Amino acid sequence: MEEKRIAVAAIVIDEQSAAVEVNNVLHENTDIIIGRMGLPYRERGISLISVALDATPDRISSLTGRLGQISGVSVKAAISKK
């Protein structure tokens, strides 16, 4: 069994139409989400979301991969080493 890690995912939404799909994916993964913070930057027409996670590296990768496949969304994760 793979050990859980703490991670933070940074999500940039460039197309506001993608926000609903991003929120749906995050909702499907509430069991691994420690917390989240969203910042709408209306002047630039983008939204920034930071999500703290507690999950296996495979689960984190799966979540960020799904988010990254959404058109108008960029995502990167930083994962703890222990």
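Trainee: How many salt bridges does the structure hold?
Mentor: This is a predicted model, and the structure holds 3 salt bridges.

Trainee: Which residue does Arg66 pair with?
Mentor: Arg66 forms a salt bridge with Glu28, and the closest N and O atoms are 2.8 Å apart. That pair links distant parts of the chain, with Arg66 in helix H2 and Glu28 in helix H1, 38 residues apart.

Trainee: Which side chain does Arg5 meet?
Mentor: The side chain of Glu3, in a salt bridge of 3.9 Å, N to O. Glu3 is exposed, with a relative accessible area of 57%.

Trainee: Why would such side chains pair at all?
Mentor: In general, side chains of opposite charge can pair when their charged atoms come close.

Trainee: New topic. Where does Asn29 lie?
Mentor: In the loop between H1 and strand S2.

Trainee: Why does Asn29 count as buried?
Mentor: Because its relative accessibility is 8%, and buried means under 20%.

Trainee: What does the side chain of Asn29 make a polar contact with?
Mentor: With the side chain of Arg59, at 3.1 Å. A polar atom of the Asn29 side chain also lies 2.8 Å from the backbone oxygen of Val25. Leaving out residues up to four places away in sequence, Asn29 touches Arg59, Leu63 and Arg66.

Trainee: Now the core. Which residues touch the most other members?
Mentor: Ile11, Ile13, Val22, Leu53 and Leu67, out of 20 residues in the largest nonpolar core. Strands S1, S3 and S4 and helices H1 and H2 each supply at least two residues of this core.

Trainee: Which residues form the nonpolar patch on the surface?
Mentor: Met37, Leu39 and Leu48, with about 260 Å² of accessible area together. Met37 is found in strand S2 and is partly exposed, with a relative accessible area of 48%.

Technical notes:
Residues numbered from 1 in each chain as written. Predicted model: local features only at pLDDT ≥ 70, side-chain atom pairs only at ≥ 80, totals over all residues. Heavy atoms only, no water. Core = buried A, V, L, I, M, F, W, Y, C linked by side-chain atoms within 4.5 Å. Buried < 20%, exposed > 50% of the residue type's maximum accessible area, 1.4 Å probe, protein only. Helix = DSSP H or I, 4+ residues; strand = E, 2+ residues; numbered from the N terminus. Polar contact = N/O pair within 3.5 Å; in protein donor to acceptor, adjacent residues only side chain to side chain. Contact = heavy atoms within 4.5 Å. Patch = residues over 30% accessible without salt bridge, like charges linked within 9 Å, V, L, I, M, F, W, Y side chains within 5 Å. Areas by Shrake-Rupley, 256 points an atom, 1.4 Å probe, with all protein chains shown as cover. Salt bridge = Lys/Arg side-chain N within 4 Å of Asp/Glu carboxyl O.
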